[in-house]
Structure formats: C-alpha cells, structure tokens
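This report describes one protein chain for a reader who is new to structures. Please look at the sequence and the model before reading on.

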Amino acid sequence: MSWRLAERGCLAVIEYDQLRLPGVRHGCVVKRAGRDIDEHEVYSALGRGKRLVVTEQTHSDQVAVVDDGFATHYPARVGADGLMTGRPGTVITIHTADCVPVLVAAPGAALLVHAGWRGSAQGIAGKAVREFARRYAVDPAEVRAVIGPCIGPECYEVGTDVAKLFSGRVKHERPDGKWLLDLRTANRDQLAAAGIRPENIVVSDHCTRCRNDLFHSYRREGRLRGTMIAFMEVGDEHHRY
Ligand SMILES: [Zn+2]
C-alpha cells in the first residue's frame, strides 16, 4: 500500500501510487493540519478552470455518466452515488465520512463510487465497474482500483438487520449480539467479481473513526463537521499530473 499526503494548493490530499496512470489525476481531500474540511473551499479549489461535478448522495446504486451533453455542474448537484467520466476538463467528486470511497481508473476514464452499507448491500461498486468497463471498452486487466479511507472493520458496529444483508465473510458477531461489518472487504470482493484483477485492487487501512487528525467520521462526530472529498479527472495521456 503506497500512498502519500501531499499539499495541493490549499488542500491536503492523499494520493495513491496505484492510480498514477498517464492522464489521470486523483486524490482524497483530507483535513489539513487537523482542521475541519470546508466543503465550499474544496469545491472552489477543485473547480477552478474546470467543470466540477458534485453529487447529492442518497445511498442508492445510481451511477451517473459524465460525458458529452452532461450539464449538471457545481453548484448544481447530480443525484447519484457514483460518477464516471471520460471527458477531459471535468473533475468528478464524491464525499464520504465513514462510508467507502472507491476510486477506479483506466487509461482515459475514471470512476468514483460512494458505498455505505446500503450501497454496498445493493452492490453499487460491482455494478458501476461493469458499466464502466462496457461504456469505455476497457480491458479489465488495465483497470486499477483503490478502496479509500473508510470506517474500519473493528469500528463499524451494526445491528442484526444490517448484518443479515451481508455474507459471513465480511461480518463478525460479538458476544453482546452486535455485529462488526467489514465494508472494505465487501467492496473489494465486488470489484474482483466485476473483473478487476485482485493485484490491481489496493485497500487503504486508514480508519476514518480512528484518525481524527485526518478524517471526519459520522460515527465519531455524530453531527458531521465536514466530509472527505474524493476527486478524479482524466486528460490528455501525455499530460502528467
Ligand atoms: Zn477504527
């Protein structure tokens, strides 16, 4: 797992070696020096000189395609829990604070998915990758993916009603009858089942609930003070971001 925390203008951004493909720019905006993330500031920075796409997320399995003709740009929001694009000059984003951000790249195309327990139970990541591969005629062997910072399997307590939606491989019952759910593995399994090579899927071990210095966490904060914002952009393959 190779990642770095970089300063990009006014933003602190986690970047993954896994996604360093020609013509692909990506990152997860995290807290800078422990300061709460200001959504407006982030969108202003990411959208400078670009068409910026921001989601109104509803824990659905809806994935919007941002290509020619797509015109819902920030400050308008598109109702979706995933975005894919092959259109240069466009920055796609999703926001999370314990849910899983999934970042997927292939030459000339990018996909972002927001998957909490509802989206994971509906298989949004797997569905999105299949659609992505079909729409952009991508060879699955060329697809790279990162399961980004999310609530870790030791910290994500759920009730029986939620646990029963998942296979035994990704949940663990505690003596008190509560369950611990592993959203990372649930989504990793979906990506692999959709054809991404296991060696091309990197899973972050950052837990949003444990790392107050870097992340917001719905479970830790209760009333959210901000969210992490994952972004991707594709461009000319000769352009090195
Ligand atoms: Zn944790």
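Which residue follows α5 and has a positive phi? It is G195, with a phi near 110°.

The model is predicted: local features need pLDDT of at least 70, side-chain atom pairs count only at pLDDT 80 or more, and totals for chains, interfaces and linings use all residues. Residues are numbered from 1 along each chain as its sequence is written. Helices (H or I, at least four residues) and strands (E, at least two) are DSSP runs, numbered from the N terminus.

**The sheet**

Six strands make an open sheet in the order β5-β7-β10-β9-β11-β15, and the pairing is mixed. Two strands pair if DSSP finds at least two bridges between them. At the edges are β5 (63-66) and β15 (201-203), each of which pairs on one side only. From one strand to the next, the twist averages 15°. Inside the sheet, β9 and β11 are antiparallel and share four bridges, with V102 opposite I147 in β11.

**The helices on the sheet**

Angles run from 0 to 180 degrees between N-to-C directions, and axes are lines fitted to C-alpha atoms, for helices over the stretch in contact. Two residues are in contact if their C-beta atoms, placed from the backbone, lie within 7 Å.

| Helix | Lies across | Angle |
|---|---|---|
| α3 (residues 124-135) | β5, β7, β9 and β10 | about 165° to β10 |
| α5 (residues 183-193) | β9, β10, β11 and β15 | about 175° to β15 |

Helix α5 is mostly covered, with eight of its eleven residues buried. A residue counts as buried if 20 or more other C-beta atoms lie within 10 Å of its own, as exposed if 12 or fewer do, and as partly exposed in between; the C-beta atoms are placed from the backbone. Among the buried residues of α5 are L183, R184, D189 and L191.

**The core**

A nonpolar core is a set of buried Ala, Val, Leu, Ile, Met, Phe, Trp, Tyr and Cys residues joined through C-beta atoms within 7 Å. The largest one here has 69 residues, and V102, V104 and V129 are among those with the most contacts inside it. Leaving aside residues up to four places away in sequence, V129 touches V104, L111, L191, A194 and I196. In soluble globular proteins, nonpolar side chains tend to be buried together.

**The hairpin**

Strands β1 and β2 form a hairpin with two residues between them, and G9 in the turn has a positive phi of about 60°. The two strands run antiparallel and are joined by six bridges; A6 has V13 in β2 as its bridge partner. Strand β1 is hardly covered, as the count of buried residues among its six is zero.
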